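Got your viewer open and your selection tool ready? Let's take a walk through this one together, one stop at a time.

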Amino acid sequence: IIPLEWWQHCTLYQIYPRSFKDSNADGIGDLQGIISELQHFADSGVDAIWMSPIFESPMIDFGYDISNYYEIHYEYGDIEDFNELLNKAHELGIKVLLDFVPNHASTQSHYFIESEANNPRYRDYFMWDDGLEDPNNASNRLPPSNWVSQFGGSAWQWSDARQQFYLHQFAIEQGDFNFTHQPVRDEMFNIMRFWLDKGVDGFRLDALPYLFEANPADHGGRYPDDPLSGLVHIQPNERGYTIPLYTKDLIEIYDVVHEWRDFIDRYNEEHGGDTRVIFSEGYANISMTMLYYGNEYGYIGAHFPFNFDFITDVSAESNARDLVYTVLKWLTHMPQGAAANWQFGNHDNSRMPSRFRIDMVDGLNSLNMMLPGASVTYQGEEIGMRDGYVSWNDTVDVEALQQGNESNYMEFSRDPARTPFHWDNSTNAGFSTGNRTWLPIAGDYMELNLAKQKEDDRSHYKVYQALTRLRKTTTLIHGDYNIRAFSNFVFYLIRYLRTFDTYVLVFNVGERTETVDLNRVPYLTLPATVYVSSINSTRVEGTVIDYNVLTLAGGEA
Ligand code: TEU
Ligand code: CA
């Protein structure tokens, strides 16, 4: 058995700090709140946490607009709180990763303020351009190109102060850094080193596909219009997905990722201890995604790119074969020897039980945790939290506010996936003792909360705990896998390793009762007994399985 490093098989948990736990009754989650609940991770069998951004920010994009990369945001706490969090997590054996946002900074960061003021030291930190002449108005300038921001509208914003446009691939208040400018790249190393020296175990790297844009030098001296996804082609409120040609997935990105990997490898060598890691974030096609790992020719990238296939490719409408395909898509494209990873939700997308069916929670958590590689849990998935209802009046997500109105904002809003965690059935679900929370509490918290699930004989949380325990077995860490659909409704995933115990997941993703014959499962050693079953199952731990005729209710795993 070849030894593996922690990150190759860890259970990683995403905290959305604003919604995890509030310690000072202002209705906003904070670092002391996280500290007070660190035991939750130990109890749950989580090995590592990554926190969405906790740095100083005007909170236009709730921390993804950073105004100071070296400071903790005041609503979350201060550097002492951070050090305490890190130490206490480490005492419990839990690794801590930060969210690193290299593509853009807040327009209130000193980088941007100084750049806008034409301070020579920062002048080229962002993507500035004079724009085009306006044929109808000599005193007006038009945006340099038709590029659209991810949050709607032109990706170019006019600055009166500098009399130029700057690029923002996200909100107007998030200026895109100029990654062709060496001092910007150097500053990114400074920031990473600062937090590594504090003792963090690595970073999630935000929005990497947007690091580079087409260079005017290659396009006759101006930024080229995008033929497919430019402003002229986007109808108001239309949300058809086109992949921008000049603003996303540019090949130069991978040089930067390689530099970061090189940097963190050297840091690891110099400082010893457990490996510090970088996990890259980006929605791209499978080939561009795999390049974030690196390739077989000596180019090394991130430890792994986050796998979003279970978020983008499948839903409640998918059948068993689609789910199997989605697993194999990643495993078969992955470079030799790389570590896989799985996740079913995050703060940008509808929650897993809402995108799939609520009777699929335990089966999907089982799939997430029984596959080879790292497993990622988004805050709330361990108890099966669903999207919360957020009215237009309560809506705070910049994506919804910028593109939506009272009748269509739900198409854009990421707020429903960000409502506070349900600790118990007390006021504000135990999240906060304040009068008002930054986002409303989801309506189902009285029935669906952690405290209740700890008490109940059977619950999503207890299944989750059984699964994190299972992940610590030699078979789950090192074993081989086989996955296949019995039919459109039922599939199996088996993990096996020589004489070690064999584990099989059998999951009926359909809504009706189905029967399968386990004799068709290779490597299965019989007789088989139940280790854990979904809460909609009548089978309890230890039940001997009738492998000739195994009958599964809809959603049973
Ligand atoms: O998201 C990156 C990203 O690719 C977005 O387009 C994402 O798909 C979109 O928000 C979905 O509606 C990251 C963060 O996860 C997100 O919260 C930030 O808003 C974004 O970067 C900008 O920093
Ligand atoms: Ca607070």
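Start by selecting Val506. Leaving out residues up to four places away in sequence, Val506 touches Val490, Tyr492, Val516, Leu550, Leu552 and Ala557. Keep in mind that you're looking at a predicted model.

Now widen the view. Val506 belongs to the largest nonpolar core, a group of 137 residues. As a rule, nonpolar side chains in soluble globular proteins tend to be buried together.

Next stop: the sheet. Switch to a cartoon view and look for 8 strands in an open, parallel sheet, in the order β15-β14-β13-β5-β2-β1-β17-β16. β15 (304-305) and β16 (341-343) are the edge strands with a single partner each, so one side of each has no neighbour in the sheet. Then pick out residues 202-205, which are β13, and 277-280, which are β14: 4 bridges join these parallel strands. Which residue in β14 stands opposite Phe203? Click on Ile278 to see it.

Now select ligand 1. Among the residues around it are Asp61, Tyr64, Phe170, Asp206, His347, Glu399 and Arg414. Colour the shell by class and you'll get 5 nonpolar, 2 polar and 5 charged residues.

The protein has 15 helices and 22 strands, and its C-alpha trace spans about 80 × 55 × 55 Å along the principal axes. Of its 557 residues, 49% count as buried.

Key
Residues numbered from 1 in each chain as written. Chains lettered and ligands numbered in written order. Predicted model: local features only at pLDDT ≥ 70, side-chain atom pairs only at ≥ 80, totals over all residues. Near = placed C-beta within 6 Å. Nonpolar A, V, L, I, M, F, W, Y, C, P; charged D, E, K, R; others polar. Core = buried A, V, L, I, M, F, W, Y, C linked by C-beta atoms within 7 Å. Buried ≥ 20, exposed ≤ 12 C-beta atoms within 10 Å, placed from the backbone. Contact = placed C-beta atoms within 7 Å. Helix = DSSP H or I, 4+ residues; strand = E, 2+ residues; numbered from the N terminus. Pairing = 2+ DSSP bridges.
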